[in-house]
Amino acid sequence: MRIIEESGYLHIQATKPDTVGIALTDSPAGLAAYILEKFSTWTNNEYKVAGDGNLLQKFSLTHLLDNIMVYWTSNSITTSMRTYAETMNRRFLCMNIDMIPTAVPTWGIKFKHELAFSADAVLRLKYTRYLQSTVVEDGGHFAALEHPDILAADVFRAVEHFRLSRAGGSKPQETSPAKEPQTIYDFTVRDIHGREIKLDKYRGKVVVIVNVASQCGLTDTNYHQLNELHDKYARSRDLRILAFPCNQFGGQEPGTAKDIAKFISDRNVKFDVFEKVAVNGDDAHPLFQFLKRVQRGSFGDYIKWNYSKFIVDRNGVPVERFGPHVDPIDLEPSLAKYW
């Protein structure tokens with residue numbers, strides 16, 4: 001949802017660059033608003049609720065004005081927009097350049113609030129020799145201005161690694177690839193009866209992961225429709241549904257594991273239910289930390305309420321996220337893309 005909210009500019013600039021560019025060239029206030037809005041929401045999406053966009057929390061007024069003046073004094077905002085039109089026209093897109101793998105050794109640094117925050121497993125589909133991701137728990141699209149020292153240090157580490165590799169030397173210890181989870185198969189959880197379950201057992205299957213609660217106003221609809229999805233697709237499409245009770249939203253899952261087990265038994269629940277976990281905060285289960293990092297929502301990386309849903313493809317990679325307002329049965333069109 002967030003990437004949709006923040007990518008409207010891309011479609012306008014790709015289809016009508018001159019219309020927007022000429023209008024902004026005629027108005028310094030309009031140009032400033034157009035640029036500064038992105039410095040706010042692309043740095044941290046939660047800044048959009050602040051009256052001043054929290055612009056001066058991460059950037060100096062000098063840096064912001066310098067950026068605007070580069071376009072204003074050079075009269076180049078329209079030219080910069082035409083780049084989108086040139087690289088997003090039908091002829092260019094038909095070439096599928098983004099789908100062509102590259103074997104060039106690649107090193108990445110990922111900042112938490114960047115709009116396009118992809119898991120390493122996804123990046124390796126494009127960059128077949130993807131060596132490392134440095135993950136920074138802050139920063140967004142303009143990280144070079146927010147955290148120049150962190151970015152520069154990581155660039156130097158990458159250059160040193162490539163230099164030593166080319167010279168036949170060994171890789172420095174500090175540049176060893178971070179062992180961050182790549183798929184849900186890297187996790188072990190406990191089911192509602194306390195037994196350890198390795199999620200590797202779901203390898204090759206399409207999975208829906210959902211946080212549930214037994215005393216929520218959404219409970220009846222969601223449990224009924226999750227059962228319905230299981231009945232329709234568990235055998236025919238290898239769909240698996242993994243439900244994790246959570247008591248963080250209004251205290252609506254207060255019972256013990258025994259209470260929850262009785263609840264799902266009384267409802268003849270056919271999908272897999274696991275132990276009660278936290279999905280937000282410092283105590284969030286590592287699986288949900290991973291899910292939220294790979295698929296951020298419109299509320300940042302926080303889960304809004306009970307019955308938030310993640311679709312995981314047959315490679316174990318979370319590919320889509322849906323809020324509590326989306327009923328399980330409405331996931332069918334999205335699930336069909338991954339059968």
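The model is predicted.

**Stop 1: salt bridges**

Side chains of opposite charge can pair when their charged atoms come close. A search of the whole structure turns up 16 salt bridges.

Select Asp18 and Arg82. The two form a salt bridge, and their closest N and O atoms are 2.9 Å apart. Now colour their helices. Asp18 sits in helix 3 (residues 17-25), while Arg82 sits in helix 7 (residues 77-87). The two residues are 64 residues apart, so this pair links distant parts of the chain. Asp18 is partly exposed, at 33% relative accessibility. Arg82 is partly exposed too, with a relative accessible area of 36%.

Move to Lys58 and Asp138. Their side chains meet in a salt bridge, with 3.2 Å from N to O. Lys58 belongs to helix 5 (residues 55-58). Asp138 is in the loop between strand 2 (130-136) and helix 10 (143-146). The pair is 80 residues apart and links distant parts of the chain. Lys58 has 24% relative accessibility and counts as partly exposed. Asp138 is also partly exposed, at 24%.

Lys58, Asp138 and Glu146 are linked in a network of salt bridges.

Next, pick Glu332 and Lys232. Here the salt bridge spans 2.6 Å, N to O. Glu332 lies in helix 15 (residues 332-335) and Lys232 in helix 12 (residues 219-233), so the pair ties together parts 100 residues apart in sequence. Is Glu332 buried or exposed? Glu332 counts as buried, at 19% relative accessibility, because buried means under 20%.

**Stop 2: ring pairs**

The count of aromatic pairs comes to 15. Phe39 is in helix 4 (residues 28-41). Phe142 is in the loop between strand 2 and helix 10. The two are 103 residues apart and link distant parts of the chain. Both Phe39 and Phe142 are buried.

Compare that with Tyr233 and Trp339. Their ring centres lie 5.1 Å apart with planes at 35°, so this pair is tilted. Tyr233 is in helix 12 and Trp339 is in the segment after helix 15, so the pair ties together parts 106 residues apart in sequence. Tyr233 counts as buried, at 15% relative accessibility. Trp339 is partly exposed, at 25%.

Which residues do ring pairs link into a cluster? Select Tyr9, Phe39, Trp42, Phe59, Tyr84 and Phe142 to see the cluster.

**Stop 3: charges over rings**

Select Tyr34 and Lys38. Lys38 lies over the face of Tyr34, 3.6 Å from the ring centre. Then select Tyr302 and Lys292. Lys292 lies over the face of Tyr302, at 5.7 Å from the ring centre.

**Stop 4: helix 14**

Lys292 is also one of the buried residues of helix 14. Select that whole helix, residues 286-294. Seven of its nine residues are buried, so helix 14 is largely enclosed by the rest of the structure. The buried residues are Leu287, Phe288, Phe290, Leu291, Lys292, Arg293 and Val294.

What covers the buried residues of helix 14? Show the strands to find out. The cover includes strand 1 (106-111), strand 3 (188-190) and strand 5 (206-212). Strand 6 (239-245), strand 8 (309-312) and strand 9 (318-322) are also included.

**Stop 5: two crossing helices**

Colour helix 2 (residues 8-15) and helix 7. Their axes come within 7 Å and cross at roughly 85°. The two helices are therefore roughly perpendicular to each other. Now show the side chains. Helix 2 makes the contact with Tyr9, Leu10, Gln13 and Ala14. Helix 7 makes it with Met81, Tyr84 and Ala85.

**Stop 6: positive phi angles**

Select Asn54, in the loop between helix 4 and helix 5. Its phi is near 50°, a positive value in a residue other than glycine. Asn54 is partly exposed, at 23%.

Finish at Asn75, in the loop between helix 6 (61-74) and helix 7. Phi of Asn75 is positive as well, near 55°. Asn75 is partly exposed, with a relative accessible area of 47%.

Methods: Residues numbered from 1 in each chain as written. Predicted model: local features only at pLDDT ≥ 70, side-chain atom pairs only at ≥ 80, totals over all residues. Heavy atoms only, no water. Salt bridge = Lys/Arg side-chain N within 4 Å of Asp/Glu carboxyl O. Helix = DSSP H or I, 4+ residues; strand = E, 2+ residues; numbered from the N terminus. Buried < 20%, exposed > 50% of the residue type's maximum accessible area, 1.4 Å probe, protein only. Contact = heavy atoms within 4.5 Å. Phe/Tyr/Trp six-rings, centres within 6.5 Å; stacked < 30°, edge-to-face > 60°. Lys NZ or Arg CZ within 6 Å of the ring centre and 35° of its normal. Axes fitted to C-alpha atoms, helices over the stretch in contact; angles between N-to-C directions. Parallel < 35°, antiparallel > 145°, perpendicular 65-115°, else oblique.
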